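Here is a short tour of one protein chain. Keep the sequence and the 3D view open as you read.

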Amino acid sequence: MKIVIVGAGITGLATYLHLRKHLPSPLSHSIHIYESHRSLPLQSAETSLHGNLDELSSSTVLVGGGLGISPNGMRVLKDLDPDLYGAVVAQGFRAENFIFKGANGWTLGVQLTSDAKARRRVNSENAAEEGEVCIASSRHGLWECLKRAVEDSGGEIRYRKVVQVKRIDGNSNGQRVKIRSVDEQGSEASEHADLVVGADGVKSVVRTALFGDDEASKPIYTGQSGVGGFIQGPLADSIAQKRGMTFTFGPNGFFGYSPSAPISAKTLMWWSTFETSSLPDTKAIDTAAVKEALVKRHERWRDPLIQDIVQNAEVQSIYPTWVLDSLPNWGQDGMVLIGDAAHALDPTTGQGASQGLEDAQTLALLLANMLSTPTEAIAEQESEAVDVAIKLFYEIRAPRVEEIVKRGKKMSGRKADVGTLAEYMMYCFLWLMMKLPSIGKLILGDVHGDLYCWSAREEIQKALEQSRVTHRD
Ligand SMILES: Cc1cc2nc3c(=O)[nH]c(=O)nc-3n(C[C@H](O)[C@H](O)[C@H](O)COP(=O)(O)OP(=O)(O)OC[C@H]3O[C@@H](n4cnc5c(N)ncnc54)[C@H](O)[C@@H]3O)c2cc1C
C-alpha cells in the first residue's frame with residue numbers, strides 16, 4: 001500500500017512511526033511524509049517566525065513555543081518506543097505539579113500531574129504501575145526526538161508543500177487519491193496514493209479536499225491570542241523546588257511559565273494569553289507595541305517572576321488561537337484527517353500534542369487490524385478495509401476529543417477580560433474546585449480518570465466487536 005502523510009508535525013511524525021511499528025509486513029508499504037517548512041533550531045526559529053507567519057499553520061508557528069505532554073501522551077510514546085520516550089523525558093522537564101495562582105498573588109491550588117492515583121482508582125490492576133507525569137518541553141524538543149526516530153527507522157521527510165489533494169476514480173494500481181506538491185524552487189510534481197493522512201494542522205489542505213469551501217469546516221478564531229517564548233538564565237529557586245508548571249489567572253488574561261528542559265539547562269518557557277476581539281494582523285505587527293502591551297497587561301500582577309519575565313522577554317510575534325467545530329467525519333475514500341487538522345483544540349486543554357499522539361496510535365492500530373486479520377467479516381478489499389478503518393477511527397476518537405473540547409470551553413472563559421468582582425469570584429471558584437475535588441468533579445467531570453485511563457486498544461476492541469455484530473446482522 002502507498003501512504004502519503006501530509007505534515008511532519010508532532011502528529012504526522014508519530015503516525016509514521018506507529019504505521020511502521022504496527023502495519024503487517026511494514027516494509028512492504030511505502031510511506032512518504034511531505035512537509036512545507038524546514039524547522040529551525042529554537043534560537044533561529046524565534047527570530048525567523050515573523051516572516052513566515054502567513055504560511056505556517058497556527059500551531060506550527062509555535063515551533064519555538066512550549067507545551068506540556070500529559071501522562072496520557074507520554075504513555076503513547078512509551079508504548080510506541082521506550083527509547084523515544086526516554087529521549088523526550090531527558091530533554092524536557094518533569095512537571096510533577098500544576099500550580100494555579102491568581103494575579104493577586106494567591107495560590108489557588110496545586111495538583112499532582114501523576115496519573116498513578118486515577119489509574120489505580122479506575123482499575124486496581126494498574127496498582128503496581130509507575131505513574132507518568134506531565135513533561136514540559138519546547139515543541140521543537142519533542143519534534144526533534146520524533147524526527148530523529150523517523151530518520152533512524154529509515155524514514156525521510158520530503159520538503160514539499162502539498163497544494164492540492166483530490167479524489168480520483170482509481171488508477172491501474174487502484175490508488176484513489178492524487179497529491180500535487182511544489183518544492184522550495186516552485187517545481188511541481190504529482191503522485192497517487194492509496195491513503196492520504198492529513199496531519200497538516202489547522203489550515204489543512206486535506207480537510208479542504210474533503211469538505212471543500214464548507215464554512216463549517218473552517219478554523220475559527222477564538223478571540224484570544226498569545227505571546228510567548230523562552231528565557232535563558234538562572235531560574236527562581238521556587239520553580240526548582242516546586243517542580244511544576246505555573247498557571248496564573250488574572251482579570252485581563254492568563255500567564256504561564258515552566259522550565260522546558262532539565263533544571264540544569266536553565267531554560268524557562270513562558271506564555272501570556274489575552275483577549276483581542278479582532279484578529280491581530282500578524283503580518284503588520286509592531287513588536288515593540290506588543291511588548292509594551294505585555295508589560296502593561298501584567299504590571300499589577302503580584303508574582304515577581306512574571307515581572308522579571310515580561311521585562312526581559314523578547315517578543316517576536318503574536319499568535320492568534322484557532323479551533324475547529326466538530327466535523328461530521330474525519331475522512332473517506334482513502335483520505336483521513338488526524339491531529340490538529342481534525343480537531344484543533346483550545347490551548348487551555350493542554351491536550352493538543354497528546355491527542356495527536358493518541359490519534360496516531362489509534363489510526364495505525366486500526367489499519368493494522370483491518371489489513372492483517374481476515375477482513376471478510378467487515379471488508380473484502382484493501383480499499384474497503386482502509387475506509388472501514390477511517391470510519392472506526394472517527395467513531396472511536398471523535399467522542400473522546402469532543403469531551404476534551406467541552407471541558408476546554410468551561411476553562412477558556414477564565415482567561416477573558418473581567419472586572420474586580422468577577423476576578424475574585426473566579427479565584428474563589430478555582431480555589432474551591434481544587435480544595436474540594438467533588439465540586440471540581442461536578443463541574444468538569446472526572447478529569448484525571450477520563451484523560452488518563454483511556455486506552456486505544458480497548459476502544460478498538462469494543463468497536464471491532466460492534467462492527468462485526470452489525471455486519472453479521
Ligand atoms: C498557544 C498554544 C499553546 C499550546 N499548548 C499546548 C500544550 O500545552 N500542550 C499540548 O499538548 N499542546 C499544546 N498546543 C497544541 C500543539 O502544539 C498541537 O496541537 C500539536 O503540536 C499537534 O499538532 P499537529 O502535528 O497535528 O499539527 P501541526 O503542529 O500544525 O503540524 C502540521 C504540520 O503540517 C505542515 N503542513 C501544513 N500544511 C502543509 C502542506 N500543505 N503541505 C505540507 N506540509 C504542511 C506544517 O508545516 C506542520 O509542520 C498548543 C497550541 C497553541 C496554539
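S25 lies in the loop between α1 (10-22) and β2 (30-34). Helices (H or I, at least four residues) and strands (E, at least two) are DSSP runs, numbered from the N terminus. The model is predicted: local features need pLDDT of at least 70, side-chain atom pairs count only at pLDDT 80 or more, and totals for chains, interfaces and linings use all residues. Residues are numbered from 1 along each chain as its sequence is written.

Most residues other than glycine have a negative phi. S25 is not a glycine, yet its phi is positive, about 35°. Is S25 buried or exposed? S25 counts as exposed because it has 8 C-beta neighbours inside 10 Å. The cut-offs use C-beta atoms placed from the backbone: a residue is buried if 20 or more others lie within 10 Å of its own, exposed if 12 or fewer, and partly exposed in between.

K266 also has a positive phi, near 55°. Its loop runs between β15 (253-259) and β16 (267-275). K266 has 14 C-beta neighbours inside 10 Å, so it counts as partly exposed.

## Helix α1

Helix α1 has 13 residues. From first C-alpha to last it reaches 18 Å, close to the 18 Å expected at 1.5 Å a residue. The expected span is 1.5 Å times one less than the number of residues.

Most of α1 is covered, with 10 of its 13 residues buried. Among them are I10, L13, Y16 and L19.

## How α4 packs on α13

Two packed helices are described by the angle between their axes and the distance between the axes. Helix α4 (residues 71-80) and helix α13 (residues 352-372) pack at about 40°, with axes 8 Å apart. Axes are lines fitted to C-alpha atoms, for helices over the stretch in contact, and angles run from 0 to 180 degrees between N-to-C directions. That angle makes α4 oblique to α13. Under 35 degrees counts as roughly parallel, over 145 as roughly antiparallel, 65 to 115 as roughly perpendicular, and the rest as oblique.

On the α4 side, the contact is made by N72, G73, V76, L77 and L80. On the α13 side, A353, S354, L357, E358 and Q361 take part. Contact means that the C-beta atoms of two residues, placed from the backbone, lie within 7 Å.

## S383 in helix α14

S383 sits in helix α14 (residues 382-412). With 18 C-beta neighbours inside 10 Å, S383 counts as partly exposed. Not counting residues up to four places away in sequence, S383 touches G174, R176, D194 and G334.
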